[in-house]
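User: I have a model open here and would like to go through it with you. Could we start with the backbone and then move on to the helices?

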Amino acid sequence: MFDLEQIKRVAHEVGFDLCGVAKCAIFERDRTFLEEWIGEGYASSLNYLKRNIECRADATQLVEGAKSVVVCAVAYKNPISDGYPDDHRAKVASYACTTDYHTTIKQMLFEMCARLKEINPDFSARCFVDSAPIFEKRYAVEAGLGWIGRQSLLITPEYGSFVLLGEIVMTAECNRYDTPYKGAGCGECRRCVDACPNGAVKERHIDTSRCISCATVECCKDESGCDLHGWIFGCDECQTVCPYNRKAPYFTNQKFAPLFNPITMTPEEQATLSKEAIAKKRGEKRR
């Protein structure tokens with residue numbers, strides 16, 4: 001058994017800004033919502049979302065005997081997150097201007113597990129960063145990190161939605177668990193809904209056939225006239241306008257410092273930006 005504060009201390013030592021721990025649970029409501037969302041066609045060509053739905057709802061199917069889910073978050077907001085000039089035509093989501101977070105966060109999670117093993121070697125665990133069917137945002141809420149906003153992203157009081165998540169699903173228990181977040185939330189604010197150029201943001205879910213980020217990152221093939229509005233990779237429109245993001249601080253973990261800035265590039269440099277060029281700049285590896 002771990003002490004909750006032990007886990008949080010180790011998380012901060014390896015570079016995470018936020019950490020919470022929740023008990024493993026079965027999320028029937030989230031599974032039903034996902035199934036209905038898929039049934040309405042909002043998943044478009046993201047077929048991986050249609051697989052392993054049972055695993056998403058029950059983490060014990062990912063790790064036998066799992067008792068706890070450690071949810072870690074790192075803040076990545078940088079000057080690019082504040083938005084582009086209206087006439088800029090080579091826009092890249094601010095997270096994609098940093099190193100490939102899948103690799104960086106997974107290394108941080110592995111280091112965290114190694115340190116936890118030194119404290120208590122008698123447990124098994126798996127680390128995930130967008131690499132497993134798990135309701136990570138729901139677990140983040142259960143672990144007290146924040147709430148799921150109207151634009152379907154996790155919003156934290158401290159860092160807004162400019163956070164990247166990683167999880168450790170482990171067989172060890174904690175002496176106590178974090179309280180699920182029950183803060184103010186989005187209230188009546190609909191700035192993210194109004195800001196989406198293609199109307200992809202609905203009420204706490206996304207129509208991926210209209211989503212610029214899905215079109216440029218996931219390579220959806222069945223979009224119908226999805227105007228990219230100058231975005232080459234990803235999209236920050238629904239995040240830039242969020243009041244919580246406007247007041248959020250910039251990153252402090254230097255592993256997430258921007259590697260390039262499309263705003264300061266010359267027109268010639270902007271013309272060379274492509275999905276492949278961006279992947280090379282950030283050391284992205286195929287998953």
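**Backbone, helices and distances**

Analyst: Asn-52 has a relative accessibility of 46%, so it counts as partly exposed (buried is under 20% relative accessible area, exposed is over 50%, and partly exposed lies in between, with a 1.4 Å probe and protein chains only). The model is predicted, so local features need pLDDT of at least 70 and side-chain atom pairs count only at pLDDT 80 or more, while totals for chains, interfaces and linings use all residues. Residues are numbered from 1 along each chain as its sequence is written, and side-chain values use heavy atoms, with hydrogens and water left out.

User: Where is Asn-52 found?

Analyst: Asn-52 sits in the loop that links α2 (28–39) to α3 (53–57); helices (H or I, at least four residues) and strands (E, at least two) are DSSP runs numbered from the N terminus.

User: And what is the phi of Asn-52?

Analyst: The phi of Asn-52 is near 55°, which is positive although the residue is not glycine. Most residues other than glycine have a negative phi.

User: What about His-229: where is it, and what is its phi?

Analyst: His-229 belongs to the loop between α7 (212–218) and β8 (231–233). The phi of His-229 is near 50°, again a positive value in a residue other than glycine. With a relative accessible area of 25%, His-229 is partly exposed.

User: On to the helices. At what angle do α1 and α4 pack?

Analyst: Helix α1 (residues 4–13) packs with helix α4 (residues 101–119) at an angle of about 140°, and their axes are 10 Å apart. The axes are lines fitted to C-alpha atoms, for helices over the stretch in contact, and angles run from 0 to 180 degrees between N-to-C directions.

User: Are α1 and α4 parallel, antiparallel, perpendicular or oblique?

Analyst: Helices α1 and α4 are oblique to each other (under 35 degrees is roughly parallel, over 145 roughly antiparallel, 65 to 115 roughly perpendicular, and the rest oblique).

User: Is Val-10 buried or exposed?

Analyst: Val-10, which is placed in helix α1, is buried, with a relative accessible area of 4%.

User: How far is Val-10 from Asn-78?

Analyst: Val-10 and Asn-78 are separated by 68 residues in sequence and by 25 Å in space, C-alpha to C-alpha.
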